[in-house]
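Student: I have a structure open and would like to go through its side chains with you. Could we begin with one of the aromatic residues?

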Amino acid sequence: MLALLWLLDARAEDPAPSPDTGTATPGTATPGAARNNTMEFGLRWRYMSVPQGIVNPFVFLNEGTPFERPVIRGQTFGMEYVIRNKSANGIFYAEYLLSGIKDGYWDDVEDPENHDDGSWLEPQRLGAVMIGADGAYEVYAQPWWSFTFGGGLGLAILTGKIIEWEPGEDETSAEQDNTEPDCGPTEPAYTRKDHCADDGPMQLPPVLPIIDILVGMRFHIADRATIRIEGGFHDMFYVGSSVGVVF
């Protein structure tokens with residue numbers, strides 16, 4: 001919807017056709033564009049991550065254990081269809097997120113500290129199918145070089161799962177979640193995962209919203225192709241690039 005609003009706003013600014021010739025008024029064309037409307041089909045890649053400083057208030061760094069906390073990161077690979085109208089861009093994308101999160105120990109921050117009550121998590125084929133639409137405003141620095149900024153919305157359909165080992169619980173525990181409560185009843189999860197059965201997959205929402213914020217630059221190659229380099233927020237912070245063919 002946001003991408004369509006960008007395009008409608010740009011269409012309202014198009015020069016009116018001359019009554020005699022049916023062509024646009026001279027001198028009003030956007031630099032770097034041979035016509036008012038162009039389309040692109042391209043391939044895109046994103047490297048995404050969550051900075052450790054954002055996670056630190058919620059999950060310990062695990063200084064008290066031999067295991068470092070895993071980094072939340074991943075890469076997306078996909079396609080995009082771009083409609084450009086003067087300085088407005090409608091970007092429609094479909095991509096797959098390949099998780100880069102490794103197996104590891106996650107221990108919630110608490111006071112007083114207890115570094116043995118966390119969970120061991122093992123992602124299995126974790127990823128997401130992501131679709132969405134962005135609107136971006138474009139400002140030209142040179143006919144072959146421009147800057148873009150904007151945002152949009154989308155949906156992520158999760159795939160795969162995360163298997164969990166919880167810390168040991170004795171039989172008197174009010175919350176008995178372990179599938180094998182007699183296996184390592186006093187051991188932490190990072191020990192139980194070596195010789196106890198897992199406690200099943202975590203409950204994850206099947207669909208998540210995507211919020212996009214983007215800032216980047218585009219290089220125009222003879223009105224036939226473009227290369228876009230950008231960064232921003234795509235449910236995680238990211239840097240990435242896109243290569244498109246203009247038609």
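Student: Is Tyr 137 buried, partly exposed or exposed?

Tutor: In this predicted model, Tyr 137 has a relative accessible area of 33%. That lies between the 20% limit for buried and the 50% limit for exposed, so Tyr 137 is partly exposed.

Student: Which ring pairs with Tyr 137, and how far apart are the centres?

Tutor: The partner is Phe 149, with 5.8 Å between the ring centres. The planes meet at 55°, so the pair is classed as tilted.

Student: What about the accessibility of Phe 149?

Tutor: Phe 149 is partly exposed, at 42% relative accessible area.

Student: What geometry do Phe 233 and Phe 237 have?

Tutor: Phe 233 and Phe 237 form an edge-to-face pair, with 75° between the planes and 5.3 Å from centre to centre. Phe 233 is partly exposed at 26%, and Phe 237 is partly exposed at 40%.

Student: How many aromatic pairs are there in total?

Tutor: The count is 8 aromatic pairs. There is also an aromatic cluster, formed by Phe 67, Tyr 105, Trp 120 and Tyr 190.

Student: Which charged residue lies over the face of Trp 120?

Tutor: Lys 193 does, at 4.4 Å from the ring centre. Another such contact involves Arg 44, whose charged end sits over the ring of Tyr 93, 4.4 Å from the centre of that ring.

Student: Changing topic: how many disulfides are there?

Tutor: There is 1 disulfide. Cys 183 and Cys 196 form it, with their sulfur atoms 1.9 Å apart.

Student: Left-handed or right-handed?

Tutor: The link between Cys 183 and Cys 196 is left-handed, with -85° about the S-S bond.

Student: Which parts of the chain does the pair tie together?

Tutor: Cys 183 lies in the loop between strand E6 (145-165) and helix H3 (189-192), while Cys 196 lies in the loop between H3 and strand E7 (207-221). The pair therefore ties together parts that are 13 residues apart in sequence.

Student: Are those cysteines buried or exposed?

Tutor: Cys 183 is buried, at 15% relative accessible area. Cys 196 counts as buried too, at 7% relative accessibility.

Student: Which strands each supply at least two of the patch residues?

Tutor: These are strand E1 (37-49), strand E3 (88-99), E5 and E6. As an example from E6, Ile 157 lies in that strand and is partly exposed, at 43% relative accessibility.

Student: Now the backbone: which peptide bond is cis?

Tutor: The bond from Asp 111 to Pro 112 is cis, with omega near 5°. Pro 112 is located in the loop between strand E4 (104-106) and E5.

Student: What is the phi value of Arg 125, and where is that residue?

Tutor: Arg 125 has phi near 50°, a positive value in a residue other than glycine. Arg 125 is placed in strand E5 and is exposed, with a relative accessible area of 68%.

Student: What about phi at Ala 222?

Tutor: Ala 222 is not a glycine, yet its phi is positive, at about 55°. Ala 222 occupies the loop between E7 and strand E8 (225-234) and is exposed at 63% relative accessible area.

Student: To finish, what is the overall secondary structure?

Tutor: The protein has 3 helices and 9 strands. Along the sequence, they follow the pattern α-β-α-β-β-β-β-β-α-β-β-β.

Student: And how much of the protein is buried?

Tutor: Of the 247 residues in the protein, 39% are buried.

Key:
Residues numbered from 1 in each chain as written. Predicted model: local features only at pLDDT ≥ 70, side-chain atom pairs only at ≥ 80, totals over all residues. Heavy atoms only, no water. Disulfide = S-S within 2.5 Å. Helix = DSSP H or I, 4+ residues; strand = E, 2+ residues; numbered from the N terminus. Buried < 20%, exposed > 50% of the residue type's maximum accessible area, 1.4 Å probe, protein only. Phe/Tyr/Trp six-rings, centres within 6.5 Å; stacked < 30°, edge-to-face > 60°. Lys NZ or Arg CZ within 6 Å of the ring centre and 35° of its normal.
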